[in-house]
Amino acid sequence: MRPPEEFLTDRLRLRPVECSDAPAIFQTYAGEAAPTRFMPVVRHRDEADSQAFAVRCEDCWTSGSAFPWAIIEKVSGRFAGVIELRLSPPKADFGYILGESFWGRGLATEAASTVVAWAIAQPDIFRVWATCHPDNAASAAVLRKAGLNYEATLANWEARPQLGEAAGPSDCYALTRSPR
Ligand SMILES: CC(C)(COP(=O)(O)OP(=O)(O)OC[C@H]1O[C@@H](n2cnc3c(N)ncnc32)[C@H](O)[C@@H]1OP(=O)(O)O)[C@@H](O)C(=O)NCCC(=O)NCCS
């Protein structure tokens, strides 16, 4: 089971992250303080870090271990961020990040809703889930608007280097459907 390489929404094009995206990844979000504040990975120090991430994304598409799309604003052609889906039937999980200049316009919800709708429609997928830091209100709003419901707060779920958390909590959200 593999998702489409491209999704087109009203304002966005999702397509696989490519190695040539590394400068945009670094400048848009991965090297920036605000977008990476709650992320469970170390902020990129330079474009080489983003290049390594982009190579990893290409490898993920090849192996099918994850499906990371670049979020492209259609009207401008600008790289806005990344959304990634991981399929592990009977469940799938996802994560997303946008550059700060793209926040507050419903773009993350548009991207997440599209990926969630595809995932939950797959015959082998009965649960689509994601986590966010309990203080990450914007991300929680995105998950709710994409149709997920709060389930639980998971203690010691992941390290968040930018917050100095070695094992910080995460709120788990999920959309489920019953097997027929
Ligand atoms: C989380 C993130 C993807 C949201 O992107 P976005 O495009 O601004 O999201 P949307 O506009 O689709 O929706 C954001 C919602 O959060 C709300 N929101 C934003 N900041 C908020 C805050 N501080 N408190 C409460 N709600 C907030 C917005 O009002 C909006 O809800 P509404 O449409 O009901 O008004 C973006 O902020 C981001 O990339 N953050 C850094 C990375 C990150 O945290 N990723 C998620 C990791 S789990």
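What order do the strands of the open sheet have? Reading across, the order is 1-2-3-4-5-6-8-7, in an open sheet of 8 strands with mixed pairing. Keep in mind that this is a predicted model.

## The sheet and its edges

Start with the two ends of that order. Strand 1 (7-8) and strand 7 are the edge strands, and each of them pairs on one side only. As background, strands of a sheet pair through backbone hydrogen bonds, either parallel or antiparallel.

Strand 6 and strand 8 (residues 165-176) run antiparallel and are joined by 6 bridges. You can pick out some facing residues here: Ala 130 has Tyr 173 of strand 8 as its bridge partner, and Arg 127 stands opposite Thr 176 in strand 8.

One spot to check is Glu 158, which stands opposite Gly 168 in strand 8.

Strands 7 and 8 form a hairpin with 4 residues between the strands, and Gly 164 in this hairpin takes a positive phi near 70°. A positive phi turns up at Asn 156 too, at about 55°, although Asn 156 is not a glycine. You'll find Asn 156 in strand 7.

## A cis bond between two prolines

The peptide bond from Pro 89 to Pro 90 is cis, with omega near 15°. To find the spot, go to the loop between strand 4 (79-88) and strand 5, where Pro 90 has its place.

## Where the ligand sits

Next up is the ligand, which sits in the largest pocket. It has 21 residues around it, and the closest are Gly 104, Gly 106, Thr 109, Asn 136 and Lys 145. By type, the shell residues divide into 13 nonpolar, 6 polar and 2 charged.

Which parts of the fold supply that shell? At least two residues each come from strand 5 (91-98), helix 4 (107-120), strand 6 (127-132) and helix 5 (137-145). Helix 5 gives the most, with 6 residues.

From Lys 145, a polar side-chain atom lies 2.5 Å from a ligand oxygen. Asn 136 also uses its side chain, with a polar atom 2.7 Å from an oxygen atom of the ligand. Leu 98 takes part through its backbone instead: an N or O atom there lies 2.8 Å from a ligand oxygen.

How much of the ligand does the protein cover? On its own, the ligand has 960 Å² of accessible area, and the protein covers 67% of that.

Definitions and conventions:
Residues are numbered from 1 along each chain as its sequence is written. This is a predicted model: local features need pLDDT of at least 70, side-chain atom pairs count only at pLDDT 80 or more; totals for chains, interfaces and linings use all residues. Side-chain values use heavy atoms; hydrogens and water are left out. A residue is near a molecule or strand if one of its heavy atoms lies within 4 Å of it. A polar contact is a pair of N or O atoms within 3.5 Å; within protein, one must be able to donate a hydrogen and the other to accept it, and residues adjacent in sequence count only if both atoms are side-chain atoms. Accessible areas come from the Shrake-Rupley method with a 1.4 Å probe; for residues, only the protein chains shown count as cover. On a 1 Å grid over the protein atoms alone, a cavity is a set of points where a 1.4 Å probe fits but cannot get out, and a pocket is an open set with protein on both sides within 12 Å along at least five of seven lines; lining residues have an atom within 4 Å of a point. A molecule sits in a cavity or pocket if more than half of its atoms lie within 2 Å of its grid points. Ala, Val, Leu, Ile, Met, Phe, Trp, Tyr, Cys and Pro count as nonpolar, Asp, Glu, Lys and Arg as charged, and the others, Gly among them, as polar. Two strands pair if DSSP finds at least two bridges between them.
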